[in-house]
Amino acid sequence: TLDRCVFTTGAGGVLQAVIYGFGGLDFASPNGVIDEPPALPESWQSLKITGVRWQGKRYTLHVTKTGRKLIPQR
């Protein structure tokens, strides 16, 4: 059999690239996302990440080719 292993740090790096890079998540900014225009890959229509937690609250991050929104979950 072929031994396979998952590098947790590599998986974490991919998640960070998607959440902070494509997603533009930035809790230091007033609206929670960077003000730069989104740069999604050409084949992507949108990106939606649910369950983002910050300071005890949950959010959904929604990114389209025209903008980003961080929406509080109820």
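In which element of the protein is confidence lowest, and in which is it highest? This is a predicted model, and its confidence is lowest in α1, at a mean of 89, and highest in β2, at 95. Across the protein the mean pLDDT is 89, with 96% of the residues reaching 70 or more. Such values deserve attention, because where pLDDT is low, the predicted coordinates should not be read in detail.

**Helix α1 and what follows**
- Helix α1 runs through residues 8-22 and has 15 residues, which at 1.5 Å a residue should span 21 Å; its end C-alpha atoms lie 20 Å apart, in agreement with that expectation.
- After α1 comes Gly-24, a residue whose phi is positive, near 75°.

**Thr-60 in strand β2**
- Thr-60 belongs to strand β2, which covers residues 57-64, and Thr-60 counts as buried because its relative accessibility is 10%, under the 20% cut-off.
- The side chain of Thr-60 makes a polar contact with the side chain of Gln-73, at 2.6 Å.
- If residues up to four places away in sequence are not counted, Thr-60 touches Lys-48, Ile-49, Thr-50, Lys-69, Leu-70, Ile-71 and Gln-73.

**Gly-67 in strand β3**
- Gly-67 lies in strand β3, made of residues 67-72, and Gly-67 is partly exposed, with a relative accessible area of 23%.
- Leaving out residues up to four places away in sequence, Gly-67 touches Pro-38 and His-62.
- Gly-67 and Gly-23 are 44 residues apart along the chain, and their C-alpha atoms are separated by 9.9 Å.

Notes:
Residues numbered from 1 in each chain as written. Predicted model: local features only at pLDDT ≥ 70, side-chain atom pairs only at ≥ 80, totals over all residues. Heavy atoms only, no water. Helix = DSSP H or I, 4+ residues; strand = E, 2+ residues; numbered from the N terminus. Buried < 20%, exposed > 50% of the residue type's maximum accessible area, 1.4 Å probe, protein only. Polar contact = N/O pair within 3.5 Å; in protein donor to acceptor, adjacent residues only side chain to side chain. Contact = heavy atoms within 4.5 Å. Expected span 1.5 Å × (residues − 1). pLDDT = per-residue confidence, 0-100.
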